[in-house]
Amino acid sequence: MLENIQILVSQLLVMFLLMAVGYICFRLKYLDNQGTAQLSLILTRIVASCVIIDSFQRKFEPELGYALVMSALCAFIAMGLSIVVGQILFRPNGPHANFADRRMCLVFTNCGFMGLPLLDALYGSYGIFLGSSFIVVNNLLLWSYGVAQLSRDVPRAQRIRNVLINPGTVSIVIGLFFFLTPFQLPTVAASAVSYMASLNTPVAMLVIGAFLAQCDLRSCFRDSQVYFLSSLRLLIMPLLTMAIFLLLPLEHTLRNSMLVCAAAPVALICSLFGQTYHTDYLFSTRVVAVSTIFSAITIPGIIALSTLLGG
(Lines give C-alpha, C1' and ligand atoms only; values in the text may rest on other atoms or scores of the structure.)
Protein backbone atom coordinates (compact mmCIF):
# COMPACT_ATOMS: atom_id res chain seq x y z
CA MET A 1 0.00 0.00 0.00
CA LEU A 2 2.75 2.45 0.98
CA GLU A 3 4.52 1.99 -2.35
CA ASN A 4 1.40 2.87 -4.34
CA ILE A 5 0.73 5.94 -2.21
CA GLN A 6 4.33 7.08 -2.72
CA ILE A 7 3.93 6.64 -6.49
CA LEU A 8 0.64 8.55 -6.40
CA VAL A 9 2.07 11.44 -4.37
CA SER A 10 5.18 11.60 -6.55
CA GLN A 11 3.09 11.73 -9.72
CA LEU A 12 0.86 14.44 -8.25
CA LEU A 13 3.94 16.49 -7.40
CA VAL A 14 5.24 16.08 -10.96
CA MET A 15 1.86 17.17 -12.31
CA PHE A 16 1.76 20.23 -10.08
CA LEU A 17 5.27 21.18 -11.20
CA LEU A 18 4.06 20.96 -14.80
CA MET A 19 1.07 23.10 -13.83
CA ALA A 20 3.51 25.64 -12.38
CA VAL A 21 5.27 25.78 -15.75
CA GLY A 22 1.92 26.47 -17.43
CA TYR A 23 1.14 29.11 -14.81
CA ILE A 24 4.48 30.86 -15.42
CA CYS A 25 4.12 30.61 -19.20
CA PHE A 26 0.77 32.39 -19.03
CA ARG A 27 2.08 35.07 -16.68
CA LEU A 28 5.06 35.67 -19.00
CA LYS A 29 2.65 35.80 -21.96
CA TYR A 30 4.19 32.77 -23.66
CA LEU A 31 0.61 31.51 -23.63
CA ASP A 32 -2.58 33.54 -23.98
CA ASN A 33 -6.29 32.76 -23.98
CA GLN A 34 -6.26 31.81 -27.63
CA GLY A 35 -3.26 29.53 -27.17
CA THR A 36 -4.78 27.69 -24.21
CA ALA A 37 -8.08 27.35 -26.07
CA GLN A 38 -6.25 25.82 -29.04
CA LEU A 39 -4.30 23.44 -26.81
CA SER A 40 -7.54 22.43 -25.05
CA LEU A 41 -9.09 21.67 -28.42
CA ILE A 42 -6.15 19.51 -29.44
CA LEU A 43 -6.27 17.70 -26.09
CA THR A 44 -9.98 16.95 -26.10
CA ARG A 45 -10.34 16.14 -29.80
CA ILE A 46 -7.04 14.43 -30.69
CA VAL A 47 -4.78 13.58 -27.75
CA ALA A 48 -7.53 12.14 -25.52
CA SER A 49 -8.76 10.00 -28.42
CA CYS A 50 -5.24 8.70 -29.04
CA VAL A 51 -4.90 7.83 -25.34
CA ILE A 52 -8.01 5.66 -25.51
CA ILE A 53 -7.08 3.99 -28.83
CA ASP A 54 -3.53 3.34 -27.61
CA SER A 55 -4.78 1.73 -24.39
CA PHE A 56 -6.80 -0.80 -26.44
CA GLN A 57 -3.81 -1.96 -28.47
CA ARG A 58 -3.66 -5.30 -26.72
CA LYS A 59 -4.72 -8.88 -27.36
CA PHE A 60 -8.26 -9.72 -26.24
CA GLU A 61 -8.54 -11.91 -23.16
CA PRO A 62 -11.78 -12.83 -21.35
CA GLU A 63 -10.40 -11.35 -18.13
CA LEU A 64 -9.76 -8.02 -19.85
CA GLY A 65 -13.24 -8.04 -21.38
CA TYR A 66 -14.76 -8.65 -17.96
CA ALA A 67 -12.65 -5.87 -16.43
CA LEU A 68 -13.79 -3.47 -19.15
CA VAL A 69 -17.47 -4.20 -18.53
CA MET A 70 -17.05 -3.91 -14.77
CA SER A 71 -15.15 -0.63 -15.06
CA ALA A 72 -17.94 0.83 -17.21
CA LEU A 73 -20.49 -0.33 -14.62
CA CYS A 74 -18.45 1.30 -11.84
CA ALA A 75 -18.31 4.55 -13.82
CA PHE A 76 -22.09 4.57 -14.22
CA ILE A 77 -22.50 3.90 -10.50
CA ALA A 78 -20.11 6.68 -9.48
CA MET A 79 -21.53 9.30 -11.82
CA GLY A 80 -25.13 8.18 -11.32
CA LEU A 81 -24.70 8.62 -7.58
CA SER A 82 -23.38 12.15 -8.13
CA ILE A 83 -26.34 12.96 -10.38
CA VAL A 84 -28.81 11.81 -7.72
CA VAL A 85 -27.08 13.83 -4.98
CA GLY A 86 -26.89 16.87 -7.27
CA GLN A 87 -30.58 16.67 -8.12
CA ILE A 88 -31.42 16.57 -4.41
CA LEU A 89 -29.10 19.35 -3.23
CA PHE A 90 -29.39 21.81 -6.10
CA ARG A 91 -32.96 22.37 -7.26
CA PRO A 92 -34.33 24.84 -9.83
CA ASN A 93 -36.57 26.38 -7.18
CA GLY A 94 -33.86 26.36 -4.52
CA PRO A 95 -31.72 29.20 -3.15
CA HIS A 96 -29.06 28.89 -5.86
CA ALA A 97 -29.75 30.48 -9.23
CA ASN A 98 -26.71 28.66 -10.68
CA PHE A 99 -28.03 25.23 -9.71
CA ALA A 100 -27.12 23.78 -13.13
CA ASP A 101 -23.45 24.81 -12.79
CA ARG A 102 -23.35 23.29 -9.31
CA ARG A 103 -24.75 20.02 -10.61
CA MET A 104 -22.13 19.98 -13.35
CA CYS A 105 -19.30 20.54 -10.87
CA LEU A 106 -20.56 17.73 -8.69
CA VAL A 107 -20.98 15.17 -11.47
CA PHE A 108 -18.06 15.67 -13.86
CA THR A 109 -14.48 15.01 -12.75
CA ASN A 110 -11.19 15.65 -14.47
CA CYS A 111 -10.86 11.91 -15.11
CA GLY A 112 -8.95 12.47 -18.36
CA PHE A 113 -6.37 15.18 -17.73
CA MET A 114 -5.81 14.28 -14.05
CA GLY A 115 -7.06 10.70 -13.78
CA LEU A 116 -5.22 9.04 -16.66
CA PRO A 117 -1.71 10.28 -15.75
CA LEU A 118 -2.22 9.00 -12.20
CA LEU A 119 -3.47 5.63 -13.46
CA ASP A 120 -0.52 5.42 -15.82
CA ALA A 121 1.87 5.99 -12.92
CA LEU A 122 0.11 3.47 -10.69
CA TYR A 123 -0.85 0.65 -13.07
CA GLY A 124 0.63 1.47 -16.48
CA SER A 125 -1.30 0.81 -19.67
CA TYR A 126 -3.74 -1.47 -17.81
CA GLY A 127 -4.79 1.44 -15.60
CA ILE A 128 -5.33 3.63 -18.66
CA PHE A 129 -7.31 0.78 -20.25
CA LEU A 130 -9.65 0.74 -17.25
CA GLY A 131 -9.79 4.52 -17.00
CA SER A 132 -10.88 4.75 -20.63
CA SER A 133 -14.24 3.27 -19.64
CA PHE A 134 -14.77 6.05 -17.13
CA ILE A 135 -13.95 8.65 -19.79
CA VAL A 136 -16.44 7.14 -22.24
CA VAL A 137 -19.22 7.15 -19.63
CA ASN A 138 -18.21 10.70 -18.70
CA ASN A 139 -18.53 11.78 -22.34
CA LEU A 140 -21.89 10.07 -22.77
CA LEU A 141 -23.30 11.86 -19.73
CA LEU A 142 -21.60 15.15 -20.58
CA TRP A 143 -23.30 15.41 -23.97
CA SER A 144 -26.66 14.23 -22.65
CA TYR A 145 -27.20 15.09 -18.97
CA GLY A 146 -24.67 17.93 -18.94
CA VAL A 147 -25.97 19.74 -22.01
CA ALA A 148 -29.56 19.22 -20.85
CA GLN A 149 -28.74 20.93 -17.53
CA LEU A 150 -27.05 23.96 -19.06
CA SER A 151 -29.27 24.46 -22.08
CA ARG A 152 -32.92 23.48 -21.88
CA ASP A 153 -33.59 24.49 -25.49
CA VAL A 154 -31.20 22.10 -27.25
CA PRO A 155 -33.32 19.89 -29.57
CA ARG A 156 -33.57 16.25 -28.59
CA ALA A 157 -32.20 15.12 -31.96
CA GLN A 158 -29.09 17.19 -31.41
CA ARG A 159 -28.59 15.81 -27.90
CA ILE A 160 -28.81 12.25 -29.25
CA ARG A 161 -26.35 13.10 -32.02
CA ASN A 162 -23.95 14.63 -29.49
CA VAL A 163 -24.10 11.48 -27.37
CA LEU A 164 -23.43 9.16 -30.30
CA ILE A 165 -20.88 11.23 -32.19
CA ASN A 166 -18.18 12.78 -30.03
CA PRO A 167 -14.42 12.17 -29.69
CA GLY A 168 -14.87 9.82 -26.74
CA THR A 169 -17.39 7.46 -28.34
CA VAL A 170 -15.65 7.48 -31.72
CA SER A 171 -12.28 6.61 -30.18
CA ILE A 172 -13.79 3.84 -28.02
CA VAL A 173 -15.42 2.29 -31.09
CA ILE A 174 -12.08 2.34 -32.90
CA GLY A 175 -10.28 0.98 -29.83
CA LEU A 176 -12.84 -1.80 -29.29
CA PHE A 177 -12.57 -2.82 -32.95
CA PHE A 178 -8.85 -3.51 -32.55
CA PHE A 179 -9.34 -5.04 -29.10
CA LEU A 180 -12.11 -7.45 -30.10
CA THR A 181 -10.76 -8.47 -33.52
CA PRO A 182 -7.46 -9.97 -34.68
CA PHE A 183 -6.63 -6.69 -36.45
CA GLN A 184 -4.04 -4.27 -35.08
CA LEU A 185 -2.91 -0.84 -36.14
CA PRO A 186 0.08 -0.91 -38.52
CA THR A 187 3.36 -0.36 -36.69
CA VAL A 188 3.92 3.16 -38.03
CA ALA A 189 0.34 4.26 -37.23
CA ALA A 190 0.50 2.65 -33.77
CA SER A 191 3.74 4.53 -33.03
CA ALA A 192 2.18 7.83 -34.12
CA VAL A 193 -0.87 7.21 -31.91
CA SER A 194 1.39 6.31 -28.98
CA TYR A 195 3.45 9.49 -29.41
CA MET A 196 0.28 11.59 -29.47
CA ALA A 197 -1.05 9.80 -26.38
CA SER A 198 2.16 10.62 -24.50
CA LEU A 199 1.32 14.33 -24.82
CA ASN A 200 -1.68 13.97 -22.51
CA THR A 201 0.06 14.59 -19.19
CA PRO A 202 2.46 17.46 -20.02
CA VAL A 203 0.13 19.42 -22.30
CA ALA A 204 -2.90 18.95 -20.03
CA MET A 205 -0.96 20.18 -17.02
CA LEU A 206 0.31 23.21 -18.96
CA VAL A 207 -3.29 24.06 -19.88
CA ILE A 208 -4.53 23.67 -16.30
CA GLY A 209 -1.63 25.78 -15.04
CA ALA A 210 -2.43 28.52 -17.57
CA PHE A 211 -6.07 28.26 -16.52
CA LEU A 212 -5.14 28.71 -12.84
CA ALA A 213 -3.09 31.79 -13.78
CA GLN A 214 -6.31 33.40 -15.02
CA CYS A 215 -8.09 32.90 -11.71
CA ASP A 216 -8.08 35.30 -8.80
CA LEU A 217 -7.13 32.65 -6.25
CA ARG A 218 -7.75 35.01 -3.35
CA SER A 219 -11.40 35.41 -4.33
CA CYS A 220 -11.65 31.64 -4.85
CA PHE A 221 -10.57 30.94 -1.29
CA ARG A 222 -12.95 33.55 0.13
CA ASP A 223 -16.06 31.88 -1.30
CA SER A 224 -17.62 29.48 1.22
CA GLN A 225 -19.79 27.89 -1.49
CA VAL A 226 -16.64 26.97 -3.41
CA TYR A 227 -15.36 25.13 -0.32
CA PHE A 228 -18.72 23.41 0.09
CA LEU A 229 -18.85 22.13 -3.48
CA SER A 230 -15.16 21.19 -3.49
CA SER A 231 -15.73 19.15 -0.32
CA LEU A 232 -18.63 17.36 -1.96
CA ARG A 233 -16.59 16.60 -5.06
CA LEU A 234 -13.31 15.61 -3.37
CA LEU A 235 -14.49 13.93 -0.16
CA ILE A 236 -18.20 13.15 0.19
CA MET A 237 -18.83 11.67 -3.26
CA PRO A 238 -15.61 9.58 -3.37
CA LEU A 239 -16.33 8.21 0.11
CA LEU A 240 -19.90 7.26 -0.83
CA THR A 241 -18.63 5.72 -4.06
CA MET A 242 -15.94 3.79 -2.22
CA ALA A 243 -18.52 2.40 0.22
CA ILE A 244 -20.51 1.00 -2.71
CA PHE A 245 -17.41 -0.35 -4.48
CA LEU A 246 -16.31 -2.18 -1.33
CA LEU A 247 -19.61 -4.07 -1.37
CA LEU A 248 -19.02 -5.26 -4.95
CA PRO A 249 -16.75 -8.16 -5.96
CA LEU A 250 -14.13 -5.88 -7.50
CA GLU A 251 -10.47 -6.68 -7.91
CA HIS A 252 -8.14 -4.29 -6.07
CA THR A 253 -6.65 -2.59 -9.13
CA LEU A 254 -10.03 -2.16 -10.79
CA ARG A 255 -11.58 -0.65 -7.66
CA ASN A 256 -8.77 1.81 -7.06
CA SER A 257 -8.57 2.79 -10.73
CA MET A 258 -12.22 3.75 -10.71
CA LEU A 259 -11.79 5.58 -7.41
CA VAL A 260 -8.94 7.66 -8.84
CA CYS A 261 -11.30 8.81 -11.61
CA ALA A 262 -14.19 9.36 -9.19
CA ALA A 263 -12.00 11.31 -6.74
CA ALA A 264 -10.46 13.60 -9.37
CA PRO A 265 -11.15 17.35 -9.09
CA VAL A 266 -13.92 19.16 -10.94
CA ALA A 267 -13.53 18.96 -14.71
CA LEU A 268 -12.37 22.03 -16.59
CA ILE A 269 -15.12 21.29 -19.14
CA CYS A 270 -17.68 22.49 -16.56
CA SER A 271 -16.31 26.00 -16.89
CA LEU A 272 -15.90 25.77 -20.68
CA PHE A 273 -19.45 24.48 -21.17
CA GLY A 274 -20.81 27.10 -18.77
CA GLN A 275 -19.19 29.81 -20.86
CA THR A 276 -20.56 28.26 -24.06
CA TYR A 277 -24.12 28.12 -22.73
CA HIS A 278 -23.94 31.48 -20.90
CA THR A 279 -24.39 30.20 -17.36
CA ASP A 280 -22.38 31.07 -14.22
CA TYR A 281 -19.06 29.77 -15.58
CA LEU A 282 -17.05 32.03 -13.25
CA PHE A 283 -18.37 30.07 -10.25
CA SER A 284 -17.41 26.80 -11.97
CA THR A 285 -13.98 28.29 -12.66
CA ARG A 286 -13.43 29.00 -8.97
CA VAL A 287 -14.50 25.47 -7.98
CA VAL A 288 -12.21 23.94 -10.61
CA ALA A 289 -9.25 25.95 -9.27
CA VAL A 290 -9.79 25.15 -5.59
CA SER A 291 -10.66 21.48 -6.11
CA THR A 292 -7.58 21.00 -8.32
CA ILE A 293 -5.30 22.38 -5.61
CA PHE A 294 -6.80 20.35 -2.77
CA SER A 295 -6.93 17.13 -4.84
CA ALA A 296 -3.21 16.69 -4.18
CA ILE A 297 -4.19 15.82 -0.60
CA THR A 298 -7.56 14.13 -1.01
CA ILE A 299 -6.80 11.66 -3.84
CA PRO A 300 -3.93 9.89 -1.99
CA GLY A 301 -6.08 9.84 1.15
CA ILE A 302 -9.03 8.22 -0.64
CA ILE A 303 -6.83 5.57 -2.28
CA ALA A 304 -5.01 4.84 0.99
CA LEU A 305 -8.33 4.35 2.79
CA SER A 306 -9.64 2.11 0.01
CA THR A 307 -6.50 -0.02 0.14
CA LEU A 308 -6.67 -0.24 3.92
CA LEU A 309 -10.32 -1.29 3.97
CA GLY A 310 -10.42 -3.42 0.84
CA GLY A 311 -6.94 -4.87 0.66
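Visitor: Why is Asp 223 called buried in this predicted model?

Guide: The relative accessible area of Asp 223 is 18%, and because buried means under 20%, Asp 223 counts as buried.

Visitor: What makes Arg 286 partly exposed?

Guide: Arg 286 has 22% relative accessibility, and since the partly exposed class lies between the buried limit of 20% and the exposed limit of 50%, Arg 286 is therefore placed in that class.

Visitor: What makes the pairing of Asp 223 and Arg 286 a salt bridge?

Guide: Their side chains meet at 3.4 Å, N to O, and a salt bridge requires a side-chain nitrogen of Lys or Arg within 4 Å of a carboxyl oxygen of Asp or Glu, so the pair qualifies. The pair links distant parts of the chain, 63 residues apart, with Asp 223 in the loop between helix H10 (217-220) and helix H11 (224-247) and Arg 286 in helix H14 (residues 281-310).

Visitor: How many salt bridges does the structure hold?

Guide: The structure holds 2 salt bridges, and one of them joins the side chains of Asp 216 and Arg 218 at 3.8 Å, N to O.

Visitor: Why is Arg 218 called exposed, and why is Asp 216 called partly exposed?

Guide: Arg 218 reaches 64% relative accessibility, and exposed means over 50%, so Arg 218 is exposed; Asp 216, with a relative accessible area of 38%, falls between 20% and 50%, and is therefore partly exposed.

Conventions
Residues numbered from 1 in each chain as written. Predicted model: local features only at pLDDT ≥ 70, side-chain atom pairs only at ≥ 80, totals over all residues. Heavy atoms only, no water. Buried < 20%, exposed > 50% of the residue type's maximum accessible area, 1.4 Å probe, protein only. Helix = DSSP H or I, 4+ residues; strand = E, 2+ residues; numbered from the N terminus.
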